[in-house]
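Let's take a walk through this structure together, one neighbourhood at a time. Keep the view open and follow along as each piece comes up.

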Amino acid sequence: MSALPRDISLLRSATLDDGSVVDVEITADTVTAIRPAGSATPVAACETLDLTGFVLLTAPAEPHAHLDKALSWDLIEPPMGDLGLAIDSWKTYSATMSVESIADRARRAALMLLQNGTTAVRCHVDVLSGDEPLRGVQALVQVRDELSELMHIELAALAGPTIPTADVEAALDLGVDLVGGAPHLADDQSADLQRLLAIAAARGVGVDIHTDESLTGGYTLAELARTVRDWPDSMPVTAGHCVRLGTLEVDELDRVIGEVLASDIGIVTLPITNLYLQGWQHPVSTPRGLTAVRRLLDAGVRLGAGADNVRDPFNPVGRSDALETASLLVTAGHLTLTEAYAAVSTGARSVMNLEPAGVSVGAKAELLAVRGDNLADVVANAPADRYVIHAGRLVAFSEVTHHTALPARTTEPTELLLEKR
């Protein structure tokens, strides 16, 4: 196979989720035709991929990453526990980081996502405390620019309650796309939420807010929804985590969901991190720490799902693989396989306000091919054999060879062997 990235014009013999086997034609960055397998016009071998035995899917998007924190667990060796302990250990370590060290980890984390099939990422980057608060922003802008031909990366300035407004504005001046924050950590949650929304409104940009990341207590999602009700489409609004939503009584839950729908807010659920962080104080009947994914989907809310933290103080595990997130949504969120994969692909892309992508004529050629028989097989087993296409170009592929010893040969009849099992 020639060097990457490589232009692709034809995908041959790909299996779709409905079981059909097709040829997919791509022109530039767009899917232009889908035909029965074997009926497409041949193109140059260097622009053709034979996907016999592969399931072809919309490429995942990661709507909520922390690339500046990723892969720091071994460096920090933080205490396991809750959100407060994670924040404290991160603050201590972050004071020692340089732009170069942040960029190095962020670059590796982004390429891990790409290798596994994710072609678009929204990254929350901390506006840090101290004399050089924009070190993380500078590092992530650098990584975004370096990888711009391989994947789409957008940035949200994550500003804690003690971060000065001027530092958030400076992050926007450096090229950050969205205002972010975590008002649930503030002494006055409403005041901090309104501060962040005012910054975004003044600059004409969207927001992606860490929202109500707790199992009990007050919540700000309804206030967020009411405040942004009249914002234009050019200023998208996303709420991440929304753990409290999953513990509300039904009547109150439906009222808040009504507010979310009226403002068309995208909700992002983050199963691996919230399953890890929430519930430590409940040794019996431990709550799941997820937002109300079923109720949100049934109501028609735009729902995306992401991995959030990967091997940092907020989550010691994670494989940077959207199929891991989809599997957790089936297990812990009780979504169907189709719903779970949609949350990490089309749903995540909708929340990020990206153009429609996938195996559909006119859609952007953001595609992931995984060796397997069908979607259930792919989500269950997460095979490593994959082809990743971004903007109509092959940007990553993985090929795995397995070597497994077989049992010693026997002369006993097969029927007898079956009886002995």
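Here, contact means heavy atoms within 4.5 Å. With that in hand, look for leucine 367: leaving out residues up to four places away in sequence, leucine 367 touches Leu11, Ile26, Leu56, Leu57, Ala59, Gly358, Val359, Tyr387, Val388 and Ile389. A word on what you're looking at: this is a predicted model, where local features need pLDDT of at least 70 and side-chain atom pairs count only at pLDDT 80 or more, while totals for chains, interfaces and linings use all residues. Residues are numbered from 1 along each chain as its sequence is written, and side-chain values use heavy atoms, with hydrogens and water left out.

Back to leucine 367, which lies in strand 15 (residues 367–371). Helices (H or I, at least four residues) and strands (E, at least two) are DSSP runs, numbered from the N terminus. Is leucine 367 buried or exposed? Buried means under 20% relative accessible area, exposed over 50%, and partly exposed is in between (1.4 Å probe, protein chains only). With a relative accessible area of 1%, leucine 367 is buried.

Two strands count as paired if DSSP finds at least two bridges between them. Strand 2 (residues 10–15) has five of its six residues buried, so it is largely enclosed by the rest of the structure. What does strand 2 pair with? Strand 3 (residues 21–27) runs antiparallel to it, joined by four bridges, and alanine 14 stands opposite valine 22. The two strands make a hairpin with five residues between them, and glycine 19 in that turn has a positive phi of about 95°. Strand 2 also pairs with strand 5 (residues 48–50), this time in the parallel sense over three bridges; there, leucine 10 stands opposite threonine 48.

Strand 3 has another partner to show you: strand 4 (residues 30–36), antiparallel over six bridges. Valine 22 turns up again here, with proline 36 as its bridge partner in strand 4. Strands 3 and 4 form a hairpin too, with two residues between them, and alanine 28 in the turn has a positive phi of about 55°.

Next comes an open sheet of eight strands, in the order 7-8-9-10-11-12-13-14, with parallel pairing. Strand 7 (61–65) and strand 14 (303–305) stand at the edges with a single partner strand each, so one side of each is left without a neighbour in the sheet. On average, neighbouring strands are turned by 25° against each other, direction ignored. Zoom in on strand 10 (residues 178–181) and strand 11 (residues 207–211): three bridges join them in parallel, and valine 179 stands opposite valine 207.

Lying across strands 9, 10 and 11 is helix 6, running at about 175° to strand 10. Axes here are lines fitted to C-alpha atoms, for helices over the stretch in contact, and angles run from 0 to 180 degrees between N-to-C directions. Helix 5 (residues 165–173) packs with helix 6 at an angle of about 40°, with their axes 11 Å apart. Thr165, Val168, Glu169, Leu172 and Asp173 in helix 5 meet Arg195, Ile199 and Arg203 in helix 6.

While you're at helix 6 (residues 189–203), find aspartate 192. Its relative accessible area is 5%, so it counts as buried. Leaving aside neighbours within four places in sequence, aspartate 192 is in contact with Pro161, Ala182, Pro183 and Ala186.

Last stop: the nonpolar cores. A nonpolar core is a set of buried Ala, Val, Leu, Ile, Met, Phe, Trp, Tyr and Cys residues joined through side-chain atoms within 4.5 Å. The largest has 100 residues, and those touching the most other members are Leu67, Leu140, Val179, Leu221, Leu224, Ile265 and Ile267. Helix 3 (residues 99–116) gives the most to this core, with eight residues. A second, separate core of 18 residues includes Val22, Val31, Leu367 and Ala369, which brings us back to leucine 367, where the walk began.
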